[in-house]
2 protein chains.
Amino acid sequence: MGSPIVAEALDQLFRNARTPNDWRDEPVADGTVRALYDLLKWGPTSANSSPARFVWVRSAEGKAQLASLAMEANRPKILAAPLTVIIGNDLDFPEKLPQLFPARGEMMKAWFLQPAIAEVTAMRNGSLQGAYLIMAARALGLDCGPMSGFDNAGVDQAFFAGTRIQSNFICSLGHGKPESIYPRNPRLSFEEAGRFA
Amino acid sequence: MGSPIVAEALDQLFRNARTPNDWRDEPVADGTVRALYDLLKWGPTSANSSPARFVWVRSAEGKAQLASLAMEANRPKILAAPLTVIIGNDLDFPEKLPQLFPARGEMMKAWFLQPAIAEVTAMRNGSLQGAYLIMAARALGLDCGPMSGFDNAGVDQAFFAGTRIQSNFICSLGHGKPESIYPRNPRLSFEEAGRFA
(Lines give C-alpha, C1' and ligand atoms only; values in the text may rest on other atoms or scores of the structure.)
Protein backbone atom coordinates (compact mmCIF):
# COMPACT_ATOMS: atom_id res chain seq x y z
CA MET A 1 0.00 0.00 0.00
CA GLY A 2 0.98 3.61 -0.22
CA SER A 3 0.39 4.97 -3.73
CA PRO A 4 -2.92 5.77 -5.41
CA ILE A 5 -4.06 3.53 -8.23
CA VAL A 6 -3.84 5.06 -11.71
CA ALA A 7 -6.17 7.96 -12.53
CA GLU A 8 -7.94 5.98 -15.27
CA ALA A 9 -8.96 3.37 -12.69
CA LEU A 10 -10.26 6.06 -10.30
CA ASP A 11 -12.31 7.42 -13.20
CA GLN A 12 -13.69 4.00 -14.09
CA LEU A 13 -14.62 3.14 -10.49
CA PHE A 14 -15.89 6.47 -9.22
CA ARG A 15 -15.63 9.64 -11.28
CA ASN A 16 -16.96 8.50 -14.65
CA ALA A 17 -19.07 5.49 -13.67
CA ARG A 18 -22.78 6.02 -14.24
CA THR A 19 -26.01 4.02 -13.90
CA PRO A 20 -27.56 3.15 -17.28
CA ASN A 21 -31.31 2.70 -17.67
CA ASP A 22 -31.17 0.51 -20.74
CA TRP A 23 -28.82 -2.27 -21.77
CA ARG A 24 -27.07 -3.60 -24.83
CA ASP A 25 -27.98 -7.14 -25.84
CA GLU A 26 -24.64 -8.69 -24.83
CA PRO A 27 -24.44 -11.59 -22.38
CA VAL A 28 -22.25 -11.60 -19.28
CA ALA A 29 -20.11 -14.75 -19.48
CA ASP A 30 -19.96 -17.31 -16.68
CA GLY A 31 -16.26 -16.59 -16.31
CA THR A 32 -16.94 -12.88 -15.80
CA VAL A 33 -19.45 -13.60 -13.03
CA ARG A 34 -16.98 -15.91 -11.31
CA ALA A 35 -14.16 -13.37 -11.69
CA LEU A 36 -16.47 -10.77 -10.18
CA TYR A 37 -17.22 -12.96 -7.18
CA ASP A 38 -13.51 -13.77 -6.80
CA LEU A 39 -12.83 -10.05 -6.34
CA LEU A 40 -15.79 -8.99 -4.20
CA LYS A 41 -15.34 -11.90 -1.77
CA TRP A 42 -12.11 -10.32 -0.45
CA GLY A 43 -13.82 -7.16 0.84
CA PRO A 44 -13.77 -6.92 4.64
CA THR A 45 -16.78 -7.92 6.79
CA SER A 46 -17.23 -8.19 10.59
CA ALA A 47 -15.29 -11.25 11.72
CA ASN A 48 -15.22 -12.34 8.06
CA SER A 49 -18.92 -13.13 8.46
CA SER A 50 -19.61 -12.71 4.70
CA PRO A 51 -23.42 -12.77 5.08
CA ALA A 52 -24.30 -11.82 1.48
CA ARG A 53 -25.75 -14.45 -0.83
CA PHE A 54 -26.17 -13.99 -4.56
CA VAL A 55 -28.65 -15.23 -7.15
CA TRP A 56 -27.34 -14.38 -10.61
CA VAL A 57 -30.55 -14.16 -12.65
CA ARG A 58 -30.03 -14.48 -16.40
CA SER A 59 -32.49 -17.09 -17.72
CA ALA A 60 -35.58 -15.81 -19.52
CA GLU A 61 -37.79 -17.40 -16.83
CA GLY A 62 -35.73 -15.95 -13.99
CA LYS A 63 -35.74 -12.46 -15.47
CA ALA A 64 -39.50 -12.58 -16.11
CA GLN A 65 -40.15 -13.71 -12.54
CA LEU A 66 -37.90 -11.04 -11.03
CA ALA A 67 -39.34 -8.32 -13.29
CA SER A 68 -42.87 -9.29 -12.25
CA LEU A 69 -41.90 -8.60 -8.62
CA ALA A 70 -40.31 -5.22 -9.33
CA MET A 71 -41.73 -1.72 -9.39
CA GLU A 72 -43.20 -0.79 -12.75
CA ALA A 73 -40.28 1.51 -13.62
CA ASN A 74 -37.72 -1.23 -12.97
CA ARG A 75 -39.37 -4.00 -15.03
CA PRO A 76 -38.04 -3.06 -18.47
CA LYS A 77 -34.54 -2.59 -17.06
CA ILE A 78 -34.53 -6.12 -15.60
CA LEU A 79 -35.86 -7.61 -18.83
CA ALA A 80 -33.35 -5.73 -20.99
CA ALA A 81 -30.26 -6.41 -18.85
CA PRO A 82 -28.36 -9.63 -19.62
CA LEU A 83 -28.11 -10.39 -15.90
CA THR A 84 -29.55 -9.03 -12.66
CA VAL A 85 -28.09 -10.25 -9.40
CA ILE A 86 -30.20 -10.48 -6.24
CA ILE A 87 -28.09 -9.66 -3.18
CA GLY A 88 -29.55 -11.25 -0.05
CA ASN A 89 -28.54 -11.28 3.63
CA ASP A 90 -28.37 -14.74 5.15
CA LEU A 91 -29.60 -14.57 8.75
CA ASP A 92 -28.07 -18.03 9.23
CA PHE A 93 -24.59 -16.64 8.48
CA PRO A 94 -23.34 -17.46 12.03
CA GLU A 95 -23.45 -21.17 11.15
CA LYS A 96 -20.55 -20.59 8.75
CA LEU A 97 -18.31 -18.82 11.27
CA PRO A 98 -16.36 -21.97 12.23
CA GLN A 99 -15.42 -22.27 8.54
CA LEU A 100 -14.85 -18.56 7.93
CA PHE A 101 -13.09 -17.61 11.15
CA PRO A 102 -11.15 -20.73 12.20
CA ALA A 103 -9.30 -19.05 15.09
CA ARG A 104 -12.43 -18.22 17.13
CA GLY A 105 -15.32 -19.51 15.05
CA GLU A 106 -17.43 -21.11 17.77
CA MET A 107 -17.13 -18.05 19.99
CA MET A 108 -18.07 -15.70 17.15
CA LYS A 109 -20.93 -17.98 16.13
CA ALA A 110 -22.44 -17.82 19.62
CA TRP A 111 -22.04 -14.03 19.65
CA PHE A 112 -23.68 -13.45 16.28
CA LEU A 113 -26.50 -15.92 16.93
CA GLN A 114 -28.09 -13.37 19.26
CA PRO A 115 -31.15 -12.32 17.21
CA ALA A 116 -30.85 -8.52 17.19
CA ILE A 117 -27.12 -8.83 16.49
CA ALA A 118 -27.59 -11.31 13.64
CA GLU A 119 -30.02 -9.01 11.83
CA VAL A 120 -28.06 -5.78 12.04
CA THR A 121 -24.78 -7.56 11.26
CA ALA A 122 -26.32 -9.27 8.22
CA MET A 123 -27.78 -6.01 6.91
CA ARG A 124 -24.65 -3.92 7.52
CA ASN A 125 -22.18 -6.44 6.15
CA GLY A 126 -24.42 -7.77 3.39
CA SER A 127 -24.78 -4.17 2.16
CA LEU A 128 -21.00 -3.68 2.33
CA GLN A 129 -20.64 -6.77 0.16
CA GLY A 130 -23.22 -5.40 -2.25
CA ALA A 131 -21.09 -2.28 -2.66
CA TYR A 132 -17.96 -4.42 -3.13
CA LEU A 133 -19.90 -6.16 -5.91
CA ILE A 134 -20.66 -2.81 -7.59
CA MET A 135 -17.03 -1.72 -7.32
CA ALA A 136 -15.69 -5.08 -8.54
CA ALA A 137 -18.10 -5.07 -11.50
CA ARG A 138 -16.99 -1.61 -12.51
CA ALA A 139 -13.38 -2.66 -12.04
CA LEU A 140 -14.00 -5.45 -14.56
CA GLY A 141 -15.54 -3.06 -17.08
CA LEU A 142 -19.21 -3.82 -16.40
CA ASP A 143 -21.90 -1.22 -15.87
CA CYS A 144 -24.15 -1.51 -12.80
CA GLY A 145 -27.82 -0.69 -12.33
CA PRO A 146 -28.60 -1.10 -8.62
CA MET A 147 -32.28 -1.02 -7.62
CA SER A 148 -34.24 -1.38 -4.38
CA GLY A 149 -37.72 -0.89 -5.79
CA PHE A 150 -39.19 -4.39 -5.67
CA ASP A 151 -41.34 -6.65 -3.49
CA ASN A 152 -38.81 -8.03 -1.02
CA ALA A 153 -41.13 -10.66 0.47
CA GLY A 154 -42.12 -11.85 -2.99
CA VAL A 155 -38.50 -12.13 -4.13
CA ASP A 156 -37.63 -14.02 -0.95
CA GLN A 157 -40.41 -16.50 -1.61
CA ALA A 158 -39.50 -16.90 -5.29
CA PHE A 159 -35.71 -17.12 -4.97
CA PHE A 160 -34.84 -17.89 -1.32
CA ALA A 161 -37.60 -20.31 -0.28
CA GLY A 162 -36.62 -22.67 2.54
CA THR A 163 -33.79 -20.42 3.73
CA ARG A 164 -33.40 -17.48 6.09
CA ILE A 165 -31.95 -15.33 3.30
CA GLN A 166 -33.65 -11.93 2.93
CA SER A 167 -33.32 -9.94 -0.29
CA ASN A 168 -31.50 -6.64 0.20
CA PHE A 169 -31.21 -5.05 -3.24
CA ILE A 170 -30.81 -6.10 -6.85
CA CYS A 171 -28.30 -4.95 -9.45
CA SER A 172 -28.38 -5.29 -13.21
CA LEU A 173 -24.98 -5.97 -14.80
CA GLY A 174 -23.82 -5.70 -18.38
CA HIS A 175 -23.02 -3.00 -20.86
CA GLY A 176 -25.40 -0.06 -20.69
CA LYS A 177 -26.59 2.10 -23.52
CA PRO A 178 -24.85 5.47 -23.03
CA GLU A 179 -27.89 7.37 -24.31
CA SER A 180 -29.98 5.89 -21.45
CA ILE A 181 -27.94 7.67 -18.76
CA TYR A 182 -29.59 10.65 -17.05
CA PRO A 183 -27.71 13.87 -16.23
CA ARG A 184 -25.67 13.39 -13.09
CA ASN A 185 -27.21 14.58 -9.83
CA PRO A 186 -25.21 16.78 -7.44
CA ARG A 187 -23.53 15.40 -4.32
CA LEU A 188 -23.23 16.85 -0.81
CA SER A 189 -20.14 18.94 -0.19
CA PHE A 190 -17.51 17.67 2.24
CA GLU A 191 -18.84 20.05 4.90
CA GLU A 192 -22.48 19.07 4.34
CA ALA A 193 -21.61 15.40 4.76
CA GLY A 194 -19.30 15.62 7.75
CA ARG A 195 -16.67 17.29 9.89
CA PHE A 196 -13.30 16.76 11.51
CA ALA A 197 -13.25 16.08 15.28
CA MET B 1 -16.49 1.21 -19.70
CA GLY B 2 -15.57 -2.11 -21.16
CA SER B 3 -12.06 -3.07 -20.07
CA PRO B 4 -10.86 -4.17 -16.64
CA ILE B 5 -8.69 -1.78 -14.67
CA VAL B 6 -5.02 -2.77 -14.44
CA ALA B 7 -4.16 -5.86 -12.40
CA GLU B 8 -2.11 -3.87 -9.88
CA ALA B 9 -5.22 -1.84 -9.05
CA LEU B 10 -7.33 -4.99 -8.60
CA ASP B 11 -4.63 -6.26 -6.22
CA GLN B 12 -4.57 -3.02 -4.26
CA LEU B 13 -8.36 -2.81 -3.94
CA PHE B 14 -9.27 -6.46 -3.39
CA ARG B 15 -6.71 -9.21 -3.67
CA ASN B 16 -3.83 -7.87 -1.58
CA ALA B 17 -5.66 -5.41 0.67
CA ARG B 18 -5.65 -6.45 4.32
CA THR B 19 -6.85 -5.07 7.66
CA PRO B 20 -3.98 -4.01 9.94
CA ASN B 21 -4.30 -4.15 13.71
CA ASP B 22 -1.63 -1.56 14.49
CA TRP B 23 -0.71 1.69 12.77
CA ARG B 24 2.36 3.69 11.84
CA ASP B 25 2.60 7.13 13.40
CA GLU B 26 1.95 9.05 10.18
CA PRO B 27 -0.87 11.59 9.88
CA VAL B 28 -3.52 11.54 7.17
CA ALA B 29 -3.46 14.99 5.56
CA ASP B 30 -6.58 17.15 5.22
CA GLY B 31 -6.19 16.99 1.45
CA THR B 32 -6.20 13.19 1.51
CA VAL B 33 -9.45 13.09 3.52
CA ARG B 34 -11.07 15.53 1.09
CA ALA B 35 -9.80 13.57 -1.92
CA LEU B 36 -11.24 10.42 -0.32
CA TYR B 37 -14.64 12.05 0.13
CA ASP B 38 -14.51 13.39 -3.44
CA LEU B 39 -14.23 9.80 -4.69
CA LEU B 40 -16.65 7.99 -2.38
CA LYS B 41 -19.41 10.58 -2.90
CA TRP B 42 -19.87 9.36 -6.50
CA GLY B 43 -20.90 5.84 -5.51
CA PRO B 44 -24.55 5.11 -6.33
CA THR B 45 -27.31 5.30 -3.69
CA SER B 46 -31.12 4.97 -3.93
CA ALA B 47 -32.39 8.13 -5.64
CA ASN B 48 -29.00 9.71 -4.86
CA SER B 49 -30.15 9.81 -1.23
CA SER B 50 -26.56 9.81 0.10
CA PRO B 51 -27.58 9.20 3.75
CA ALA B 52 -24.08 8.60 5.18
CA ARG B 53 -22.49 11.23 7.39
CA PHE B 54 -18.87 11.22 8.45
CA VAL B 55 -16.99 12.38 11.53
CA TRP B 56 -13.26 12.23 10.82
CA VAL B 57 -11.80 11.79 14.30
CA ARG B 58 -8.11 12.70 14.57
CA SER B 59 -7.68 15.04 17.56
CA ALA B 60 -6.25 13.51 20.73
CA GLU B 61 -9.49 14.32 22.59
CA GLY B 62 -11.68 12.86 19.85
CA LYS B 63 -9.66 9.66 19.67
CA ALA B 64 -9.71 9.25 23.46
CA GLN B 65 -13.46 9.75 23.56
CA LEU B 66 -14.13 7.33 20.72
CA ALA B 67 -11.73 4.74 22.17
CA SER B 68 -13.49 4.97 25.54
CA LEU B 69 -16.74 3.96 23.80
CA ALA B 70 -15.22 1.00 21.93
CA MET B 71 -14.83 -2.65 22.85
CA GLU B 72 -11.67 -3.32 24.81
CA ALA B 73 -9.94 -4.98 21.82
CA ASN B 74 -10.59 -1.97 19.57
CA ARG B 75 -9.34 0.74 21.94
CA PRO B 76 -5.60 0.52 21.20
CA LYS B 77 -6.30 0.44 17.46
CA ILE B 78 -8.29 3.69 17.63
CA LEU B 79 -5.63 5.36 19.76
CA ALA B 80 -2.79 4.24 17.47
CA ALA B 81 -4.45 5.12 14.16
CA PRO B 82 -3.91 8.67 12.89
CA LEU B 83 -7.61 8.95 12.04
CA THR B 84 -10.78 6.93 12.64
CA VAL B 85 -13.89 7.93 10.76
CA ILE B 86 -17.37 7.38 12.22
CA ILE B 87 -19.84 6.50 9.48
CA GLY B 88 -23.39 7.39 10.51
CA ASN B 89 -26.80 7.09 8.82
CA ASP B 90 -28.80 10.30 8.81
CA LEU B 91 -32.49 9.46 9.29
CA ASP B 92 -33.24 13.01 8.18
CA PHE B 93 -31.71 12.32 4.76
CA PRO B 94 -35.09 12.85 2.96
CA GLU B 95 -34.86 16.57 3.75
CA LYS B 96 -31.92 16.80 1.33
CA LEU B 97 -33.69 15.09 -1.60
CA PRO B 98 -34.83 18.36 -3.25
CA GLN B 99 -31.13 19.31 -3.40
CA LEU B 100 -29.82 15.86 -4.35
CA PHE B 101 -32.50 14.79 -6.80
CA PRO B 102 -33.71 18.02 -8.47
CA ALA B 103 -35.93 16.27 -11.03
CA ARG B 104 -38.30 14.67 -8.50
CA GLY B 105 -36.98 15.77 -5.12
CA GLU B 106 -40.24 16.61 -3.36
CA MET B 107 -41.85 13.36 -4.50
CA MET B 108 -38.85 11.29 -3.37
CA LYS B 109 -38.72 13.19 -0.08
CA ALA B 110 -42.35 12.31 0.70
CA TRP B 111 -41.70 8.68 -0.21
CA PHE B 112 -38.60 8.29 1.95
CA LEU B 113 -40.12 10.17 4.90
CA GLN B 114 -42.24 7.09 5.65
CA PRO B 115 -40.60 5.86 8.88
CA ALA B 116 -39.91 2.20 8.06
CA ILE B 117 -38.64 3.19 4.62
CA ALA B 118 -36.37 5.93 5.97
CA GLU B 119 -34.65 3.51 8.37
CA VAL B 120 -33.98 0.66 5.97
CA THR B 121 -32.96 3.04 3.19
CA ALA B 122 -30.55 4.87 5.48
CA MET B 123 -29.00 1.62 6.71
CA ARG B 124 -28.72 0.02 3.28
CA ASN B 125 -27.36 3.06 1.49
CA GLY B 126 -25.29 4.35 4.38
CA SER B 127 -23.56 0.97 4.46
CA LEU B 128 -23.00 1.07 0.70
CA GLN B 129 -21.35 4.45 1.18
CA GLY B 130 -19.22 3.00 3.98
CA ALA B 131 -17.97 0.37 1.55
CA TYR B 132 -17.31 3.02 -1.10
CA LEU B 133 -15.23 4.78 1.56
CA ILE B 134 -13.19 1.62 2.17
CA MET B 135 -12.63 1.10 -1.56
CA ALA B 136 -11.78 4.77 -2.16
CA ALA B 137 -9.33 4.78 0.74
CA ARG B 138 -7.58 1.71 -0.61
CA ALA B 139 -7.58 3.26 -4.07
CA LEU B 140 -5.70 6.23 -2.61
CA GLY B 141 -3.13 3.97 -0.93
CA LEU B 142 -4.53 4.05 2.59
CA ASP B 143 -5.09 0.99 4.76
CA CYS B 144 -8.50 0.48 6.40
CA GLY B 145 -9.44 -0.98 9.76
CA PRO B 146 -13.26 -1.20 9.85
CA MET B 147 -14.85 -2.02 13.24
CA SER B 148 -18.38 -2.42 14.55
CA GLY B 149 -17.51 -3.29 18.16
CA PHE B 150 -18.46 -0.11 20.02
CA ASP B 151 -21.30 1.46 22.01
CA ASN B 152 -23.51 2.89 19.26
CA ALA B 153 -25.77 4.87 21.57
CA GLY B 154 -22.77 6.33 23.37
CA VAL B 155 -21.09 7.34 20.11
CA ASP B 156 -24.34 8.91 18.89
CA GLN B 157 -24.57 10.97 22.07
CA ALA B 158 -20.92 12.01 21.94
CA PHE B 159 -20.63 12.79 18.23
CA PHE B 160 -24.13 13.20 16.78
CA ALA B 161 -26.02 14.98 19.60
CA GLY B 162 -28.98 17.06 18.42
CA THR B 163 -29.29 15.17 15.14
CA ARG B 164 -31.02 12.00 13.89
CA ILE B 165 -27.72 10.53 12.73
CA GLN B 166 -27.11 6.99 13.99
CA SER B 167 -23.61 5.54 14.03
CA ASN B 168 -23.21 2.55 11.72
CA PHE B 169 -19.56 1.49 11.88
CA ILE B 170 -16.16 3.08 12.35
CA CYS B 171 -13.03 2.71 10.24
CA SER B 172 -9.43 3.55 11.09
CA LEU B 173 -7.42 4.98 8.19
CA GLY B 174 -3.70 5.38 7.72
CA HIS B 175 -0.72 3.22 7.06
CA GLY B 176 -0.82 -0.07 8.92
CA LYS B 177 2.10 -1.99 10.37
CA PRO B 178 2.47 -5.05 8.11
CA GLU B 179 3.49 -7.22 11.06
CA SER B 180 0.12 -6.53 12.74
CA ILE B 181 -1.85 -8.30 9.99
CA TYR B 182 -3.31 -11.71 10.86
CA PRO B 183 -3.26 -14.65 8.44
CA ARG B 184 -6.04 -14.28 5.91
CA ASN B 185 -9.29 -16.13 6.62
CA PRO B 186 -10.92 -18.27 3.92
CA ARG B 187 -13.87 -17.09 1.86
CA LEU B 188 -16.99 -18.92 0.70
CA SER B 189 -16.73 -20.56 -2.72
CA PHE B 190 -18.84 -19.22 -5.57
CA GLU B 191 -21.27 -22.11 -5.10
CA GLU B 192 -21.48 -21.69 -1.32
CA ALA B 193 -22.36 -18.01 -1.76
CA GLY B 194 -24.82 -18.27 -4.62
CA ARG B 195 -26.19 -19.74 -7.80
CA PHE B 196 -27.30 -18.90 -11.32
CA ALA B 197 -31.05 -18.73 -12.02
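Let me start with the overall size of chain A. A compact globule of 197 residues would have a radius of gyration near 16 Å, and chain A has 18 Å, which agrees. Bear in mind throughout that this is a predicted model. Along the principal axes, the C-alpha trace of chain A spans about 50 × 45 × 35 Å.

Next, the secondary structure. Chain A has nine helices and five strands. Reading from the N terminus, the order of elements in chain A is α-α-β-α-α-β-α-α-α-β-α-β-α-β.

How much of chain A is buried? Of its 197 residues, 57% are buried.

Now the two copies. Chain B can be laid on chain A with an RMSD of 0.0 Å, using a turn of 180° and a shift of 0.0 Å along the axis. The two copies are thus related as by a two-fold rotation axis. The same surface serves both copies, in that 100% of the contact residues of chain B recur in chain A.

What does the contact between them involve? Chain B contributes 77 residues and chain A contributes 79 residues. The area buried between chain B and chain A is about 7,100 Å², with carbon and sulfur atoms giving 64% of it. The salt-bridge count between the two chains is two. There is also a salt bridge between the side chains of A:Arg34 and B:Glu191, at 2.9 Å from N to O.

That brings me to salt bridges in general. Over all chains, a search of the whole structure finds 20 of them. I'll go through a few inside the chains.

In chain A, A:Arg53 pairs with A:Asp90, and the closest N and O atoms are 3.4 Å apart. A:Arg53 lies in strand β1, residues 52-57, and A:Asp90 in strand β2, residues 83-90, so the pair ties together parts of chain A that are 37 residues apart in sequence. Are these two residues buried or exposed? A:Arg53 is buried, at a relative accessible area of 4%, and A:Asp90 is buried as well, at 8%.

Chain B has a salt bridge between B:Asp90 and B:Arg53, with the closest N and O atoms 3.4 Å apart. Here B:Asp90 is in strand β2 (residues 83-90) and B:Arg53 in strand β1 (residues 52-57), so this pair ties together parts of chain B that are 37 residues apart in sequence. B:Asp90 counts as buried at 9% relative accessibility, and B:Arg53 is buried at a relative accessible area of 4%.

The last pair is in chain B: B:Asp22 forms a salt bridge with B:Lys177, again with the closest N and O atoms 3.4 Å apart. It links distant parts of the chain, 155 residues apart: B:Asp22 sits in the loop between α1 (7-15) and α2 (30-40), and B:Lys177 in the loop between β4 (165-174) and α9 (190-193). Where do these two stand on accessibility? B:Asp22 is partly exposed, with a relative accessible area of 27%, and B:Lys177 is partly exposed too, with 28%.

That is where I'll stop.

Conventions. Residues numbered from 1 in each chain as written. Chains lettered and ligands numbered in written order. Predicted model: local features only at pLDDT ≥ 70, side-chain atom pairs only at ≥ 80, totals over all residues. Heavy atoms only, no water. Salt bridge = Lys/Arg side-chain N within 4 Å of Asp/Glu carboxyl O. Helix = DSSP H or I, 4+ residues; strand = E, 2+ residues; numbered from the N terminus. Buried < 20%, exposed > 50% of the residue type's maximum accessible area, 1.4 Å probe, protein only. Least-squares fit on C-alpha atoms with pLDDT ≥ 70 in both. Contact = heavy atoms within 4.5 Å. Rg over C-alpha atoms; globule rule 2.2 N^0.38 Å. Buried area = accessible area lost by both parts, 1.4 Å probe.
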